[in-house]
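Please keep the sequence and the 3D view at hand while reading.

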Amino acid sequence: TDELIQTMKEEPKICHYLDLPIQHASDAILKKMGRRTSKAQLIETIEKLRDAMPDIALRTTLITGFPGETEEDHEELMDFVAETKFDRMGAFMFCPEDGTRAADMPNQVPEEVKQERYDRLMTLQHGISLAQNKARVGTTCRVLVEKKRGSRYVGRSEYEAPETDGSIFFGSEEPCEIGSFVNVKITAAKAYDLMGERV
């Protein structure tokens with residue numbers, strides 16, 4: 001809601017990070033999935049979030065090969081991902097579960113087609129994630145120190161969710177206490193992880 005977006009913008013205790021598990025961007029597939037939203041509504045919500053919080057990190061989860069998904073539906077999803085540029089994205093191939101409505105739907109997508117669509121989607125997102133992370137090189141962020149691995153520390157900022165997103169690997173001339181916050185300047189980026197130095 002607009003009220004929630006405004007609260008996120010104004011309340012310093014709330015991280016500027018949201019997971020929006022939209023599943024798809026084709027109205028035809030969203031309807032088959034029983035989702036109560038449309039592509040236009042998704043676009044509007046994402047625009048509102050980014051207008052209110054330009055630094056917000058957005059994550060999503062998508063499904064390839066839902067029953068009835070055509071190549072056109074998948075291309076629409078690919079175009080949506082390319083335009084939206086989610087900071088983080090997970091994807092799954094549709095897997096029919098016994099007893100569910102979707103398992104009995106007509107036009108089940110062959111496994112090899114699901115896999116091919118999944119691979120294309122993840123390749124696209126890999127490039128987007130790498131570009132988004134490279135844009136953070138040179139910036140400084142507040143990092144929660146989670147552990148030490150060899151001579152480097154591992155942590156995350158408000159833009160990396162635990163267990164699902166990458167980490168920030170950084171060096172420090174002084175010992176860092178696990179569970180503390182330190183400022184880290186990002187010096188290099190991979191598609192999912194960032195490297196830096198404590199400042």
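## Helix H4

In H4, the buried residues are Asp73, His74, Leu77, Met78, Phe80, Val81 and Thr84. Buried means under 20% relative accessible area and exposed over 50%, with partly exposed in between (1.4 Å probe, protein chains only). Seen down the axis of H4, these buried residues fall within an arc of 160 degrees, so they line one face of the helix. The arc is that of the directions from the helix axis to the C-beta atoms. An α-helix has 3.6 residues a turn, so residues three or four places apart point the same way. The face of H4 turned away from the buried side carries Glu72 and Glu83, which are exposed.

The cover over the buried residues of H4 includes H2, H3, E2, strand E3 (88–93) and H5. Contact here means heavy atoms within 4.5 Å. H4 has 14 residues, and from its first C-alpha to its last it reaches 20 Å, close to the 20 Å expected at 1.5 Å a residue. The expected span of a helix is 1.5 Å times one less than its number of residues. Lys85 follows H4 and has a positive phi, near 55 degrees.

## How the model is described

This is a predicted model, in which local features need pLDDT of at least 70 and side-chain atom pairs count only at pLDDT 80 or more, while totals for chains, interfaces and linings use all residues. Residues are numbered from 1 along each chain as its sequence is written, and side-chain values use heavy atoms, with hydrogens and water left out.

## Helix H3

Helix H3 covers residues 39–52. At 1.5 Å a residue its 14 residues should span 20 Å, and its end C-alpha atoms are 20 Å apart, which agrees. Leu42, Ile46, Leu49 and Ala52 are buried in H3. They cover an arc of only 135 degrees around the axis, which puts them on the same side of H3.

Ala40 and Asp51 are exposed on the other side of H3. The buried residues of H3 are covered by elements including helix H1 (2–10), strand E1 (17–19), helix H2 (27–33), strand E2 (57–64) and helix H4 (71–84).

Ile56 sits in the loop between H3 and E2. Ile56 is buried, with a relative accessible area of 5%. Leaving out residues up to four places away in sequence, Ile56 touches Met8, His16, Tyr17, Leu18, Leu49, Arg50 and Asp87. Ile56 and Arg136 lie 80 residues apart in sequence, and their C-alpha atoms are 13 Å apart in space.

Phe66 is in the loop between E2 and H4 and counts as buried at 6% relative accessibility. Not counting residues up to four places away in sequence, Phe66 touches Ile29, Lys32, Met33, Phe94, Ala102, Met105 and Val109. Phe66 and Tyr192 are 126 residues apart in sequence and 27 Å apart in space, C-alpha to C-alpha. Ser129 belongs to helix H5 (residues 111–134) and is buried, with a relative accessible area of 2%. Residues up to four places away in sequence aside, Ser129 touches Asp87, Ala191 and Tyr192.

## Two loop residues with positive phi

Gln23 has a positive phi of about 75 degrees although it is not a glycine. Gln23 lies in the loop between E1 and H2 and is buried, with a relative accessible area of 15%.

Glu163, also not a glycine, has a positive phi of about 75 degrees. Glu163 is located in the loop between strand E5 (152–156) and strand E6 (168–171). Glu163 is exposed, with a relative accessible area of 84%.

## The whole chain

The chain has five helices and eight strands. Helices (H or I, at least four residues) and strands (E, at least two) are DSSP runs, numbered from the N terminus. Along the sequence, the pattern is α-β-α-α-β-α-β-α-β-β-β-β-β. The C-alpha atoms fill a box of roughly 60 × 40 × 30 Å, taken along the principal axes.

Of the 199 residues, 43% count as buried. Among contacts in the chain with a separation of 6 or more, 69% are between residues 24 or more positions apart.
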